[in-house]
Amino acid sequence: MRCWQSKKPQPPKEALALHLHWYTSQNFVREITLERNTPNSEHTVREVALAMPMAVPVFAHVGIEFSCGGDEKVSDACRQVGLTPEALWALIEEAANQPVPNDLEFWHNASPVALMDHIVHRYHEPLRKELSRLESLAAKVSMRHGEAHPQVHKLQRTIAMLGRDMELHMVKEERVLFPLIKRLDAALGRGMTDQATAHQLLPPLRLMLADHDGIMGLIRALRDQSDGYSVPAGVSASYHLLCSGLRGLQHDLQLHLHLENNVLFGAARDMLVASGL
Ligand SMILES: [Fe+2]
Ligand SMILES: [Fe+2]
């Protein structure tokens, strides 16, 4: 992490105040200062997810969206999923005793370059293999069970669409967005500003945010079309594998997009500000 970034140096944990920046889905910049030990229901879902990584699996479990569109207040998000804020905080407190999934706490504080390398190796590469596996499984399930369970035809089409969209999206990140962020990071690390790169970075950053909304829309469609990944009685092992694979896909994509939208893009915004934009 570079000296110009706002999260360093870190004071002792009890007194820690996080200075967070990010682009919202409307592409404007918001800045907050959040005491780590005082998140409450008036903070947004994103603020709480960043300040308390242990809240992330709880949000996922109760159906609160945190990876895209986490601009809502926790109190409003609770209302939408039919939960009281008190019940949510009790679950988060309980989760504090469990390990945080996918080393989120570490990656929330990693350098942008390390985070991008991690995203490519931990999320992009396995996702390509997983989407190809799910496409083959869906074709098999469709052939075998399509007549009795026509929803599998829809699932097959949505998985194919997600596979195409995701591949295009990841190529744009790997070939355009991430190299631009790395170039800007390197310039700032040398104590220089690179306004040309900063100007080049803004359009793909906005485009990736819009892509993420589309990707989450397809994930929601998969969840609805499979009735919450439920398996009908009397179907083959392939149907079971397809539904458990889709559930895992949702989990991994939520964490993947959370690390990009809420962590990496916030750091990229810091770089734009440090570059004079
Ligand atoms: Fe990505
Ligand atoms: Fe992405």
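Arg-122 counts as partly exposed, because it has 17 C-beta neighbours inside 10 Å, and a residue needs 20 or more to be buried, or 12 or fewer to be exposed. Bear in mind that this is a predicted model. Arg-122 sits in helix α6, which covers residues 112-145.

Now the helix pairs. Two packed helices are described by the angle between their axes and the distance between the axes.

Take α2, residues 55-62, and α4, residues 85-95: their axes are 8 Å apart and the angle is about 130 degrees. That angle makes α2 oblique to α4. The crossing of these two is right-handed. On the α2 side the contact uses Ala-55, Pro-57, Val-58 and Val-62, and on the α4 side Leu-88, Leu-91, Ile-92 and Ala-95. By class, that is 8 nonpolar residues, with no polar and no charged ones.

The other pair is α7, residues 151-189, with α8, residues 195-225. Their axes come within 9 Å and cross at roughly 160 degrees. So α7 is roughly antiparallel to α8, angles over 145 degrees being counted that way. Here the crossing is left-handed. What classes of residue make up the contact of α7 with α8? There are 19 nonpolar, 7 polar and 6 charged residues.

That is what I have; questions are welcome.

Note on methods: Residues are numbered from 1 along each chain as its sequence is written. Chains are lettered from A and ligands numbered from 1 in the order in which they are written. This is a predicted model: local features need pLDDT of at least 70, side-chain atom pairs count only at pLDDT 80 or more; totals for chains, interfaces and linings use all residues. Axes are lines fitted to C-alpha atoms, for helices over the stretch in contact, and angles run from 0 to 180 degrees between N-to-C directions. Helices (H or I, at least four residues) and strands (E, at least two) are DSSP runs, numbered from the N terminus. Angles under 35 degrees count as roughly parallel, over 145 as roughly antiparallel, 65 to 115 as roughly perpendicular and the rest as oblique. A crossing is left-handed if the near helix is turned anticlockwise from the far one by less than a right angle, and right-handed if clockwise. Ala, Val, Leu, Ile, Met, Phe, Trp, Tyr, Cys and Pro count as nonpolar, Asp, Glu, Lys and Arg as charged, and the others, Gly among them, as polar. Two residues are in contact if their C-beta atoms, placed from the backbone, lie within 7 Å.
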